[in-house]
Amino acid sequence: MKSYDVAIIGSGPGGYVAAIRCAQLGMKTAIIEKYSTLGGTCLNVGCIPSKALLSSSHHYEEATKHFEDHGIEIPSDIKVNLEKMIARKQAVVDQTTGGIDFLMKKNKIDVYEGLGSFKDATHIKIEGKDAGEIEAKNTIIATGSKPSSLPFITIDKERIITSTEALKLKEIPKHLMIIGGGVIGLELGQVYRRLGAEVTVIEYMDRILPTMDAGLSKELNKVFKKAKCKMMVSHKVQSVERNGDEVIVKAENKKGELVEFKGDYCLVSVGRRPYTDGLNAEAAGVKLNDRGQVEVNEHLQTNVSNIYAIGDVIKGAMLAHKAEEEGVFVAETLAGQKPHIDYNLIPGVVYTWPEVAAVGKTEEALKETGTEYKVGQFPFRALGRARASGDIDGFVKILADKNTDEVLGVHMIGARCADLIAEAVVAMEYRASAEDISRMSHAHPTFAEAIKEAALAATDDRALHV
Ligand code: FAD
Ligand code: NAD
């Protein structure tokens, strides 16, 4: 039986990054993955394929709606080849997952293909292609998550689908009904709206993206409405039935009335659940909490001292970069280092267009804690760069402490915000004040100038270009 310093179960961004960092730190490392490709949800059916389809559909929308504004004339019969678009997405996925194979080899990490399950706290059974058993001094559980649903819904994977199926549809839906106006619903909703589907978003809460700053929800809602998506907030879904090629969704509105929606596809995107099926955590004595998450302490250690857990399978935001930070954290902890993660400074991004990005506290959270704060906001439409490219929707909002001027939260919606948010993360990691940001040179003309202007607005209402 082969013996390892550390075994990692699951090869998503949490698991494979943990493996690389463990190997870098000199540990003999194994990674176990039940599927034949590495990379987990993120690379196979999450971040990467959804961004590939967002990019392709964005190109189509640019060509059909915006090229003309730029003086580019295109034939009127321009059309989508969905099969080719999906094939390109798959090629991007294959190339990316192949890259992880390369990284495992480069770092001399042993890869086992098969379902990993605990025999006890130091032995893992592998069932599948590389069946057998290994011994591990330490184990990191990185088994991720799966789509969750509502108790009365049967996901048939044909017309009542999750994000996994929505990433490989064979036709463009005529009417895609989306249950859940969160990140997945909005990203994939925008993909199919751009490709020509009628889209209805049915959200239980009174706004889309209910966990983000309300200003961002409001602005993105406007963008979706402008694109003629039906945005049904405050609607509680009661039933989802299939009748041949038709799906019927019934939901209760604020007034208590039952509203019926009919379409040919229904995407269920109401969140994800931690995944521990088949892991046999009990055999190692590892405790799960009542939400099915692996319970961990501040060192991401389970109740069994040589077993750790990271990523979507534990508490916290279900984000690839959160899982990655935790992978590095555990590897460094095992190596005797004292790593640190500031969970408040893990940014959240929605890759719609305009992009939505945020870090730190929302206005709602600051109000709740009674923190005195000031707001500096700057609209992209006032920037030369935004007008030059025609991307004028959105704004940057900076929330700073009223007394100390320390930046407490940055919330933005607009072109390239997914990348712009990095500046806010760096600033907040170094506990910058709004004035600090406002005094730094930002290249002209760039979208980043909106951050400097919002910082000027927060400092003492002295934005230059509004
Ligand atoms: P996962 O990526 O879920 O990986 C877990 C792996 O463990 C899987 O490969 C699974 O097969 C394997 N496994 C499970 N049990 C066993 C077992 N017993 N034995 C062996 N292997 C096992 N996040 C972002 O930050 N940005 C995005 O843009 C983004 N887009 C997304 C889009 C979609 C459509 C979806 C669904 C998710 C998206 N996410 C995004 C979320 C992101 O994918 C997850 O947060 C991330 O993948 C979690 O990483 P993980 O390593 O914890 O788990
Ligand atoms: P989510 O938590 O983002 O959104 C789920 C939405 O469904 C919420 O708005 C919620 O109020 C709503 N909802 C819940 N029950 C409902 C009901 N009965 N009827 C109507 N609406 C209901 O979850 P998701 O969009 O499924 O995404 C799952 C996870 O994947 C998220 O945690 C997210 O972090 C991650 N993800 C991230 C990205 C990204 O970072 N860009 C992209 C996709 C997914």
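Biologist: How much space lies in the second largest pocket?

Modeller: About 780 Å³. A pocket here is an open set of points on a 1 Å grid over the protein atoms alone, with protein on both sides within 12 Å along at least five of seven lines. The volume is the space filled by probe spheres set on the points, which are joined across faces, edges and corners. Before we go on, remember that this is a predicted model, where local features need pLDDT of at least 70, side-chain atom pairs count only at pLDDT 80 or more, and totals for chains, interfaces and linings use all residues. Residues are numbered from 1 along each chain as its sequence is written, chains are lettered from A and ligands numbered from 1 in the order in which they are written, and side-chain values use heavy atoms, leaving out hydrogens and water.

Biologist: Which residues lie nearest the centre of the second largest pocket?

Modeller: A lining residue has an atom within 4 Å of a pocket point. There are 30 of them in this pocket, and Glu61, His66, Val223, Lys226 and Asp393 lie nearest its centre. By class, the lining has 10 nonpolar, seven polar and 13 charged residues. Asp, Glu, Lys and Arg count as charged, Ala, Val, Leu, Ile, Met, Phe, Trp, Tyr, Cys and Pro as nonpolar, and the others, Gly among them, as polar.

Biologist: Which helix gives the most to that lining?

Modeller: Helices are DSSP runs (H or I, at least four residues), numbered from the N terminus. Here H7 gives the most, with five residues.

Biologist: Now the ligands. How many residues surround ligand 1?

Modeller: A residue is near a molecule if one of its heavy atoms lies within 4 Å of it. For ligand 1 the number is 38, and the closest are Glu33, Thr41, Lys51, Gly116 and Ala320. Helix H2 (40–45) brings the largest share of this shell, four residues.

Biologist: Why does ligand 2 lie between domain 1 and domain 2?

Modeller: Domain bounds come from an automatic or database domain assignment. Ligand 2 lies between them because domain 1 (2–146 + 273–341) and domain 2 (160–270) both give residues to its shell. That shell has 22 residues, and helix H6 (residues 183–194) gives the most, with three.

Conventions
Helices (H or I, at least four residues) and strands (E, at least two) are DSSP runs, numbered from the N terminus. On a 1 Å grid over the protein atoms alone, a cavity is a set of points where a 1.4 Å probe fits but cannot get out, and a pocket is an open set with protein on both sides within 12 Å along at least five of seven lines; lining residues have an atom within 4 Å of a point.
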